[in-house]
Structure formats: structure tokens, C-alpha cells
Amino acid sequence: MIGLNHYLILSGCLFAIGMYGIITRRNALLMLLSVELLFNAANLSFVAYARYRGDLTGQVFVFFTMVVAACEVAIGLAVAILLYRAQETLNTDEIHSLKG
Amino acid sequence: MIILGWLILFLPLFACLAIAGFALKQDKASSWIACGALTLSFFLSLIVFAGMAMRKFPVFESNVTVLPLENLRLEFGILLDRLSLLMLLVVTGIGSGIFLYSMEYMKGDKGYGRYFAALSFFAFSMLGIVVSTNFFQTFIFWELVGVSSYLLIGHWYEKDEAADAGKKAFITTRVGDVGFLIGILLLGPLTAAFGKQTLNFQTLSGVLDMHSGHERMITAICLLIFCGVLGKSAQFPLHVWLPDAMEGPTPVSALIHAATMVAAGVYLLARAYFLFAVSPTALAVIANIGAFTAFMAATMALVQPDIKKILAYSTLSQLGLMVMAAGLGSSSAAMYHLVTHAFFKALLFLGAGSVIHALDTQNIWEMGGVFRRMPITGWTFLVGFLALAGIFPLSGFWSKDEILTLAFMTNRFLFWAAVATAFLTSFYMGRLFFTVFLAEPRWKKEPHESPRVMTVPLQVLAFFAITGGFWGLGPFLHSHHDRVIEWSFSVVGISLSVSPAGILLAYLIYALNIPLLAPFERVLSPIGGLLIKKYYMDDFYDGLVKYVQQNFAGLCDLFERYVVVKGMVNGTAHLTGWAGDRLRRFQTGKLQFYVFMFSAGVTLITFVWVLVR
């Protein structure tokens, strides 16, 4: 029987993988992908809890998150493209104009 | 009656506004407006006085509330009783004479319109003090008098001395007024302790008659209010402005610095006498300061070469006598001397003005022999001189005798100080009169008698200076707080012999040129030097300002410069800058670093949260 804990462990693993990806990857596109992983980890735990407690609010919340995440991806990709046009690279080590 | 009272007060203000608004450049119009308004005030005062006399002088009062506070109403009003009625007559009467005299004296002056506007404004302020019903109103008009006096002393502001004298008068009197204001503010808690907060003279008087206690508080209030009197009536140690104020035009000296403004202090003493009468300590202080001022000013007058300054010091000295009389327990004696003094001192100043007008100098050693050329001025000046010296039966004799008798009854030491002052007074006035009017002529410009506009006020004032002692002003003003003064033959004898003795001595030395003082040269010349330097009072104040005040200001400056600006203002900026510089290091521009810090932070917070729970 697959219970709440399984879902949560899966969610935690996904989150850790996403975080690892963000921290270790230097390519902006890959970092965006990892951010998606974080989203989905969170979504998964939402849905799991909703199911566990028999409360649909969590599921509704996930729909909103997915809509927002879609927008975010659109904007993130647009930024990545513009960044590439301006800097000829997506390597974040070479993009440091925000350095104080 | 009350409507007339309001009119008397506001006519000069209207005149001032009319001149300032329409006639500043029209000499004739401005002088006529000012004279007309004040003369009208004078006639109205006469009518009111007559009307009140028929009803045996009831007390009339009318108030308008200016500022209703929670438990105190600040009012503005008109109080007509014996004291204010008499003072109204003196101020408007002598005032209109002097306004008239000014028309001729100031002729051709650039600021003719300005002069009359300021003069009218002064009359308004002074009348405001006279009819005032409460301490609040008195204080407002008290300050207005200070302002208008500043304007008039500094009338010839192109002259540095005049501008400085104006400032000096204003600032010196302000020093005293600080005390006055604190005294008034303290009246609030005092009257609250008696159950009803009020600043009104009549109510206060009633309250104080009914209750007793709080004597130390009352003493403090009296002394603080007396500080205001010190400034306005130029008593020691705030007397230094009055001699300098002689830089103003002579009619101004006559009006402000002899007859009215300096009298405001004594008037206030009389008006608030119900308060002073409660505190013997305050009265003792007042009496001693008055006597000291009287004597000191008389000695300073001995050596002055400037005719107006001699008169100024004599004013100081006579004011000292009045203050002493008030301090010794009789405000009516003080007011009596105030009124007679107003007549003969205005007369003396106007006479001096007439001589100055004719000779273009104020130095008595450049005058001499003027009597024959200017007989009217000479005769009237003689009257003023004898009245001031206190020669029987001129007005000065009666009022001075009353003060001397009072001193004789109460305090022998002050009595002899007053007698010495009387002797010195007749001596220096003799010196002035004989040098200017009788001695060998030393003038450079041929003098002529002044025109009628100037001599008529002199003659009128001379009439009052002669007869002022016969109207029974003392009993007229007597209030139940005053000591009853009983005649004493020994005092009359002393005063009858001392004054002529001073005049005789002056006659021998300055008219007949007998060098009586020559043998004492060695003793007298250092004293003379001390007197010429005015007891180094001015130098003392200069030093006080130069060293104490300037150093204190320097200290404050350092505090501000280094502690406030450098320490606090710049310190804050530096701290912020430094902190910013440190925090800048976190902004590496590396996304991974941000993410790492962010996730580490979240982990840390979660961890702590779990732990704390």
C-alpha cells in the first residue's frame, strides 16, 4: 500500500534533486529546469496532503501553482533568450553584472 | 464712560495707522493727525475725569475676552479708577504738549511722518498699560512700549550711536521682562491655590484681601514682576540704557524717558500694589534698590557735560526715589512724585531741547549766558529746575517731602540716602542751570528764542510744575494698602535747608567761579574719573558680553560643531556607509551563491523553528 509517507519522500527527493541542480549547474536553462523540479516537488506534497486529509483545497492550489509556473517558465525562458542575445552566453559564472 | 475710554485708547492707534497708510510723506498732514488724535484723547480724558468726579470715582471696568482657555480667560479691557484716570490725564496731557512741540522741533527732518506715526503708536501703547485690567494686557502693551521706544530712540538710525542706543534700550528692558513674564506665569498656580485662576487686577486684589498664606510664592512673584520694573523704570542694575537713549530726538526724551514710559514701571508697582503689600521682603528689596539707584544716579549726574544726559541721570535718580517710596509702603507717594516729576521733567527736557535747537550743541560748556537771549526758555527752565530741586512751594517740594517723610518714619538709613540724593540733585541741577544760562557765553552760534509752538508747551508745563503740589494728589490716590504719612517738622526743616544749600554751592562754584572744590582736587579727581566712567557699569556689561557670553557661545558652538554635527549627524552617515560597505560583499552576482544562501537560510530558519517548538 502506498501511503502519505511515500509521496512525501518522493517529493523531498525531487526537491533535493532540484536544489542540487540549481546549485551545481552553471547553465541558466538547466537552472530553470531545476526550478521546475522544485515546483513539482511542492505540488506533489500538496496533492498528497489533499488526498490524505480529504480536502480539495490543496488540489485547487496546485492548479493555481501550475498556471503561475507556466507563466514563470515563459518569462524565465524569455529572460534567458535576451540574456543570451546580450551576453552571448548562458554560463552564470560569466554573468555577474549584479555584483555589488 | 466706557466707550469714551475705548476711544481714548484707540485714537492714537488710528492716528498711527492713518499716518502710516496715507500721510507718511506729507509732513503737515501727519503732524496734524497725530496731534489732533492725542489732543482729542486728552479732552475725552478730561470729560471722563469730570464725569467720574461727579459720581465720586466709582471703578469702571469693561473686558473683552481674547483667548478663553480651559480655566483662565485672557482678557483685554479698560479699567477706570482714580489711578488710571490720573495717569490718563498725565499721559495724554503732557503727550499732546510734546506732540505740539515736536511739530516745530522736528521740522525739516527726513522721517517727519515716520516720527509722528511712531509717536502715536507709543501713545497708544502707553495708554494701553494705563487702562489695562489685567497682567496679560499689561505685559502685551509693556512690550509694545518697548518696541515703540526702540523705534523712537533709533529715529536717526543713520547715526550708529542712535541705532545702538535703540538696540540697547530694547534688549536691556527685555532682560527684565523675562522675569516679569515668569512672574505673571507663576500667578496662575498661585491663584489656582486660592481657588480661582485669574490675572485680573480687581479680582486678584479681592482674592488676596480675602486669603492669606503662600507668602514665599508671593514674594517670588513680586520680585520677578519687579524685574520688569527694573528694566522699564531703569533701576539698578538695568539702568544703563536710559542715558544712552538720549540719542533720540529731544521731545522723545521728554515724553518717553521722563514723563511716561519710565513711569510705567512705577505705575505697575502702584497698580499691583495689593500684591507687593503682602510681601515685606519684596518691599524691602524694592526700597533698597530704589534708594541705591537714586543716590548712584545723582552722583553720576554731577560730572556729565551733556545737558540731556544730566537730565537723564536725574530722571534715573527721581525714579529711584519713587521706587523707594513704593518699597517703603506708600504707592500713592510714589505716584504723587511720578505726576509732579512728569510735569517738571518734561518741562526741563523741552527747555533743554529749546536750547539745543538754538545752539546746535548738547555740551553745557559750549553754552552759557543763554538766559538773556531766550527769556521764556530761561524762566520756564528755572521753574523746572527749582521744582526738581524741591524748593518751596513748587510741586517737587511737596511730593519729595512726602517721600522723605515716609522714609523718616520707616527707615532712617534710607532717609539719609534720600536727603543726600536731594542735596546732590539741587547741586547738579544748579551746575547745569548756572553754566548754561548765567555763566560767560561760550556759544559759537547766536541763539534766538524758539517759536511759539515750542514755548507755549513750556509755559503750560511750567504752570503745572508750579501748582502741582496744591491739588491734593496724595490723598486722592491713597489706597488702603498704603501707609498713612504724618507731617514731621524735622523733615520739612531738613528738606528746606538741604536743597537751597546745594543750589547755593552750585551758584558759588559755577556762576561766581569761586574754586571751592580746588583744595579737594586730589580726593575728587579719582572719584570724578569713576563717575565719568559711570562706575564702570557699561564696561562691566561689555565685559560680561565679551567674555562670559562670547565664551559660552563659543562653547555651544564647539558642542554643536563636534558633538552634534560631527558626532551625531556625520556619525550616522558614516555608520550607514560602513555597514553598507560590509553588506555589499554579499552581493556577489553569482546566482548559485544566492540560491545557496537562500536555501541555507530557509533550512536554518526551519531548523530553529522546529527546535523552538
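**Figure 1. The loop that holds B:Pro237.** B:Pro237 is found in the loop between α8 (215–232) and α9 (241–244) of chain B. Helices here are DSSP runs of H or I with at least four residues, strands are runs of E with at least two, and both are numbered from the N terminus. The peptide bond from B:Phe236 to B:Pro237 is cis, with omega near 5°. The model is predicted; local features need pLDDT of at least 70, side-chain atom pairs count only at pLDDT 80 or more, and totals for chains, interfaces and linings use all residues. Residues are numbered from 1 along each chain as its sequence is written, while chains are lettered from A and ligands numbered from 1 in the order in which they are written.

**Figure 2. B:Ala234, in the loop between α8 and α9 of chain B.** B:Ala234 is not a glycine, yet its phi is positive, about 55°. Is B:Ala234 buried or exposed? B:Ala234 counts as buried because it has 29 C-beta neighbours inside 10 Å. The cut-offs are these: buried means 20 or more other C-beta atoms within 10 Å of the residue's own, exposed means 12 or fewer, and partly exposed lies in between, with C-beta atoms placed from the backbone.

**Figure 3. The end of α3 in chain A.** α3(A) has 31 residues. From first C-alpha to last, α3(A) reaches 43 Å, close to the 45 Å expected at 1.5 Å a residue. That expected span is 1.5 Å times one less than the number of residues. A:Glu88 lies in the segment after α3 (57–87) of chain A. Phi of A:Glu88 is near 60°, a positive value in a residue other than glycine. A:Glu88 counts as exposed because it has 8 C-beta neighbours inside 10 Å.

Figure 4. Which residues does B:Leu347 contact, leaving aside its neighbours within four places in sequence? They are B:Thr380, B:Val383, B:Gly384, B:Leu458, B:Leu461, B:Ala462 and B:Ala465. Contact means that C-beta atoms, placed from the backbone, lie within 7 Å.

**Figure 5. The side of chain B that touches chain A.** Here 10 residues of chain B are in contact with 10 residues of chain A. Helix α25 (residues 591–612) of chain B gives the most to the chain B side, with 5 residues. That side divides into 3 nonpolar, 5 polar and 2 charged residues. Ala, Val, Leu, Ile, Met, Phe, Trp, Tyr, Cys and Pro count as nonpolar, Asp, Glu, Lys and Arg as charged, and the others, Gly among them, as polar. The predictor gives the complex an ipTM of 0.78 and a pTM of 0.77.

**Figure 6. B:Glu486 and chain B as a whole.** B:Glu486 is found in the loop between α21 (473–477) and α22 (489–511). B:Glu486 is exposed, with 9 other C-beta atoms within 10 Å. B:Glu486 and B:Val147 are 339 residues apart in sequence and 41 Å apart in space, C-alpha to C-alpha. Chain B holds 25 helices and 2 strands. Its C-alpha trace spans about 115 × 60 × 55 Å along its principal axes. Of the 613 residues in chain B, 50% are buried.

Note on methods
Contact = placed C-beta atoms within 7 Å.
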